[in-house]
Amino acid sequence: MRKQNSEWTTVIKPKAAWFDINLKEIWHYKDLILMFLKRNFNSAYKQTILGPLWFLINPLLSSSMYTVVFGQIARISTDNVPKFLFYLCSNAAWSYFSSCLSSTASTFTGNAYLFGKVYFPRLVSPITTVIYGMLSFFVQMLLFVVCAFVFAAKGQVIHPNIHMLYIPIMIMQMALLGLGIGIIISSVTTKYRDLTILIGFGLQLWMYGTPVVYPISQVASIAPGFEKLIWLNPVAPIINNFRYAILGCGTFNYSYWGISWIVTAVFLFFGVLIFSRVEKTFMDTV
């Protein structure tokens, strides 16, 4: 774009260095992010009977299944909180993280047709995915609040506490961790497509290695010492602390949460670095 005084306002040039990343440019494309959000919403529920109601149906079905399988059949403890609320709360947090990771992991392969036609900062696409996932998360949390009032009316006790002030930070961390790991996978799968097959399977295994359907206290009672390995899972402190802030079950662990933030920062840093490097040549391999 060129002004009348012959000064260029926008210059598009190839990136040569590893650290040639212009994050400020993303802000100039905020309108494009809004357009992508609208596109994602319309494409997700176009030609569906129930439409956005799936935001509610999915967590209800998942939490009900967990309550029956893990709560009633396996009889896994939920630290003296209502089982359905335990699983609904855990599922909301895990679903947001996993959707951020799995959706951003297909950034290059899923948008190759668009990236090959028009220029815009490629990070706009995964950022849009992360923001779009928040819509489902907030709807699930609204559902949780309604269910919590129903259980409270029946005499069931939960203990929300002052740690709820940390929830926005936890949401941001889930988004950044999912984004960082997702764009690393996206960068690798431009050349090795068969790795995409492992994403769904890997997320399933990861979920069982994360205290989503069980509290960490249950691990400590069954396999003493093994809970330390669970804590080293970067998602485990987030889920545990998120659940404690809302339900008051378990304990709030600051030390492992700090380690989780370090891991998140490392994945995000290298993710953006590798993503920026790969975007220059991905059209030759995708």
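Helices (runs of H or I in DSSP, at least four residues) and strands (runs of E, at least two) are numbered from the N terminus. By this scheme, the elements of the chain follow the order α-α-α-α-α-α-α-α-α-α-α-α-α from the N terminus on, that is, 13 helices and 0 strands. The model is a predicted one, in which local features need pLDDT of at least 70 and side-chain atom pairs count only at pLDDT 80 or more, while totals for chains, interfaces and linings use all residues. Residues are numbered from 1 along each chain as its sequence is written, and side-chain values use heavy atoms, with hydrogens and water left out.

We can begin with the chain as a whole. Of its 286 residues, 44% are buried, where buried means under 20% relative accessible area, exposed means over 50%, and partly exposed lies in between (1.4 Å probe, protein chains only). A contact means heavy atoms within 4.5 Å. Among contacts between residues at least 6 apart in sequence, 79% join residues at least 24 apart.

Next come the cysteines. A disulfide is a covalent bond between the sulfur atoms of two cysteines. Here the term is applied to a pair of cysteine sulfur atoms within 2.5 Å, and a search of the whole structure finds 0 of them. For Cys89, the closest cysteine sulfur belongs to Cys249 and is 7.4 Å away, so the two are too far apart for a bond. Cys89 is buried, at a relative accessible area of 0%, and Cys100 is also buried, at 0%.

The loop between α3 (54–73) and α4 (83–104) holds Asp79. Although Asp79 is not a glycine, its phi is positive, at about 55°. Asn80 lies in the loop between α3 and α4 as well, and this residue, other than glycine, has a positive phi near 65°. Asp79 is partly exposed, with 21% relative accessibility, whereas Asn80 is exposed, at 79%.

Helix α3 includes Val69, which is partly exposed at 35% relative accessibility. Together, Met65, Val68, Val69 and Ile73 make a nonpolar surface patch of about 370 Å².

Terms used
Patch = residues over 30% accessible without salt bridge, like charges linked within 9 Å, V, L, I, M, F, W, Y side chains within 5 Å. Areas by Shrake-Rupley, 256 points an atom, 1.4 Å probe, with all protein chains shown as cover. Salt bridge = Lys/Arg side-chain N within 4 Å of Asp/Glu carboxyl O.
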